[in-house]
Amino acid sequence: MKLFSTLLLAAGLPFMMQAAEPTDTVTVFMIGDSTMANKPLAKENQERGWGQMLPVYLQGNIKVDNHAVNGRSSKSFINEGRWDKVMSLIRPGDYVIIQFGHNDEKPKNDRHTDPGSTFDENLRRFVNDTKSKGATPILMNSIVRRNFPPMAGQDIASESDDKQKDWKGMYPNEGVILVDTHGAYLDSPRNVATETGVTFVDMNKLTHELVQTLGANNSRDLFMWISPNTYEFCPKGKIDNTHLNVHGALIVSRLAVNALAKQMPELRQYIRPEIYNLN
């Protein structure tokens with residue numbers, strides 16, 4: 001019954017028969033941006049953050065408290081008081097998964113940080129504050145954007161430069177090589193993890209390998225590529241190479257669970273054994 005209720009909740013379906021939470025329940029807090037965040041379910045919305053699907057793969061006395069929010073960088077998450085809120089909830093024995101970068105790299109003053117400088121400082125604060133509460137921080141870098149630029153000789157621009165910068169357009173002729181868009185923002189979580197002695201999960205590498213293996217055409221099935229007149233939430237359709245759909249979020253969440261099972265043996269008791277593969 002518990003697994004069934006978890007699957008329903010993760011899929012966005014109601015379930016009223018929920019047992020009282022055991023007093024020894026471990027909480028996995030999640031802080032980050034829209035690629036991790038819980039998404040609304042109204043009007044058949046198909047977008048999901050991978051953190052939204054994480055409960056599907058967990059068992060036992062553990063819960064997920066997802067505080068990731070659309071559009072937030074490490075800077076704005078702190079400045080808006082969101083980190084203070086999480087800190088007020090953390091208990092000894094809990095975990096905090098930290099994944100920023102998509103919005104830190106944007107030029108907006110209320111979001112922008114620099115890798116090797118202010119971005120690292122914010123990540124360091126999350127880690128040290130978490131440790132001060134007797135909890136365990138886990139650093140991750142950003143999941144990959146789906147970006148297959150045309151090969152040499154092909155026409156590049158199909159949208160305005162602004163739309164290309166937002167990664168919401170599509171190339172008229174996509175290439176076959178997935179090209180990174182995050183640059184040095186991928187290195188900061190790894191560097192801070194090494195410096196502070198905490199676990200680092202290379203989510204960019206894991207998702208890059210997934211998307212490259214699927215290729216330009218099949219990888220669209222992971223992201224918000226919606227045909228017109230399919231769902232009420234976007235009657236005109238949608239092309240979004242950053243955000244995941246239900247299927248994509250389930251797959252990416254499973255990649256994260258497998259990595260955690262391999263790198264943090266103490267968490268394996270909370271992961272459904274049929275999910276992870278330690279080979």
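This is a predicted model: local features need pLDDT of at least 70, side-chain atom pairs count only at pLDDT 80 or more; totals for chains, interfaces and linings use all residues.
In soluble globular proteins, nonpolar side chains tend to be buried together. The largest nonpolar core in this model has 41 residues, and those with the most contacts inside it are Trp50, Ile97, Ile138, Met140 and Leu260. Several elements each supply at least two residues of this core: strand 1, helix 2, strand 3, strand 4, helix 8 (203–218) and helix 9. Helix 9 provides the largest share, seven residues. Trp50 illustrates how such a residue is surrounded. Leaving aside residues up to four places away in sequence, Trp50 touches Met30, Thr35, Met36, Ile97, Gln99, Met140, Ile143, Leu244, Ala249, Val252, Ser253 and Ala256.

The structure holds three cavities of 30 Å³ or more, and the largest cavity contains about 100 Å³ of space. Its lining consists of Val28, Leu54, Leu58, Ile62, Tyr95, Ile97, Ile138, Val257, Leu260, Leu267, Tyr270 and Ile271. Strand 3 and helix 9 (246–263) each contribute at least two residues to that lining. In terms of class, the lining of the largest cavity comprises 12 nonpolar residues, with no polar and no charged ones. Ile97, Ile138 and Leu260 belong to this lining, and these residues are also among those with the most contacts inside the largest nonpolar core.

Asn45 is located in the loop between strand 1 (26–32) and helix 2 (50–53). Asn45 counts as buried because its relative accessibility is 11%, under the 20% limit. When residues up to four places away in sequence are not counted, Asn45 touches Lys39, Pro40, Met224 and Phe233.

The charged side chains complete the account. Side chains of opposite charge can pair when their charged atoms come close. In this model the count comes to 13 salt bridges. One of them joins Glu105 to Arg145, with the closest N and O atoms 2.8 Å apart. Glu105 lies in the loop between strand 3 (95–99) and helix 5 (118–132), and Arg145 in the loop between strand 4 (136–140) and helix 6 (161–165), so this pair ties together parts that are 40 residues apart in sequence. Arg145 has a relative accessibility of 5% and therefore counts as buried.

Arg125 and Asp129 meet through their side chains at 3.4 Å, N to O. These two residues are separated by about one helical turn, because they are four residues apart in helix 5. Arg125 is partly exposed, its relative accessible area being 36%. Elsewhere, salt bridges that share partners join Arg72, Glu80 and Arg82 into one network.

Terms used: Residues are numbered from 1 along each chain as its sequence is written. Side-chain values use heavy atoms; hydrogens and water are left out. Buried means under 20% relative accessible area, exposed over 50%, partly exposed in between (1.4 Å probe, protein chains only). Contact means heavy atoms within 4.5 Å. A salt bridge is a side-chain nitrogen of Lys or Arg within 4 Å of a carboxyl oxygen of Asp or Glu. On a 1 Å grid over the protein atoms alone, a cavity is a set of points where a 1.4 Å probe fits but cannot get out, and a pocket is an open set with protein on both sides within 12 Å along at least five of seven lines; lining residues have an atom within 4 Å of a point. Grid points are joined across faces, edges and corners, and a volume is the space filled by probe spheres set on the points. Ala, Val, Leu, Ile, Met, Phe, Trp, Tyr, Cys and Pro count as nonpolar, Asp, Glu, Lys and Arg as charged, and the others, Gly among them, as polar. A nonpolar core is a set of buried Ala, Val, Leu, Ile, Met, Phe, Trp, Tyr and Cys residues joined through side-chain atoms within 4.5 Å.
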